[in-house]
Amino acid sequence: MYEVEQLPEESGKLAAAILESRAGGLRYLKRTFVADSGSFEESFALEHDRAFREVILKKFGG
């Protein structure tokens with residue numbers, strides 16, 4: 001959680017991180033969030049778990 005005074009700086013950091021992300025990863029996130037009809041928290045957990053299984057574990061042989 002951030003204080004109001006921190007929001008401009010922190011939102012700038014988030015925007016920079018998004019701009020530096022690979023297009024495929026961003027498409028994956030968007031598809032996951034759009035397809036889910038639950039809450040943001042549920043969508044985030046689903047995306048995190050799926051990305052971990054399908055991307056990270058496969059990349060590192062898990």
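I began with residue classes: Ala, Val, Leu, Ile, Met, Phe, Trp, Tyr, Cys and Pro count as nonpolar, Asp, Glu, Lys and Arg as charged, and the others, Gly among them, as polar.

**Entry 1: ground rules.** This is a predicted model, where local features need pLDDT of at least 70, side-chain atom pairs count only at pLDDT 80 or more, and totals for chains, interfaces and linings use all residues. Residues are numbered from 1 along each chain as its sequence is written, and side-chain values use heavy atoms, with hydrogens and water left out.

**Entry 2: confidence.** I looked up pLDDT, the predictor's confidence in each residue, from 0 to 100. The mean for the protein is 78, and 92% of its residues reach 70 or more. Helix 1 (residues 7-20) has the highest confidence, at 87, and helix 3 the lowest, at a mean of 74. A reminder to myself: where pLDDT is low, the predicted coordinates should not be read in detail.

**Entry 3: the fold.** I found three helices and zero strands, in the order α-α-α from the N terminus. Helices (H or I, at least four residues) and strands (E, at least two) are DSSP runs, numbered from the N terminus.

**Entry 4: overall form.** The radius of gyration, taken over C-alpha atoms, is compared with a globule rule of 2.2 Å times the number of residues to the power 0.38. The protein has 14 Å, while a compact globule of 62 residues would have a value near 11 Å. Its C-alpha atoms fill a box of roughly 40 × 25 × 20 Å along the principal axes.

**Entry 5: burial.** How many of the 62 residues count as buried? I noted 10%, with buried meaning under 20% relative accessible area, exposed over 50%, and partly exposed in between (1.4 Å probe, protein chains only). Arg50, in helix 3, is partly exposed because its relative accessible area is 25%.

**Entry 6: the largest pocket.** A pocket is an open set of points on a 1 Å grid over the protein atoms alone, where a 1.4 Å probe fits, with protein on both sides within 12 Å along at least five of seven lines; lining residues have an atom within 4 Å of a point. The largest holds about 260 Å³ of space, a volume being the space filled by probe spheres set on the points. Which helix gives the most to its lining? Helix 3 does, with seven residues. Helix 2 (23-35) also supplies at least two. The lining includes Arg22, Tyr28, Phe44 and His48. By class I noted seven nonpolar, three polar and two charged residues.
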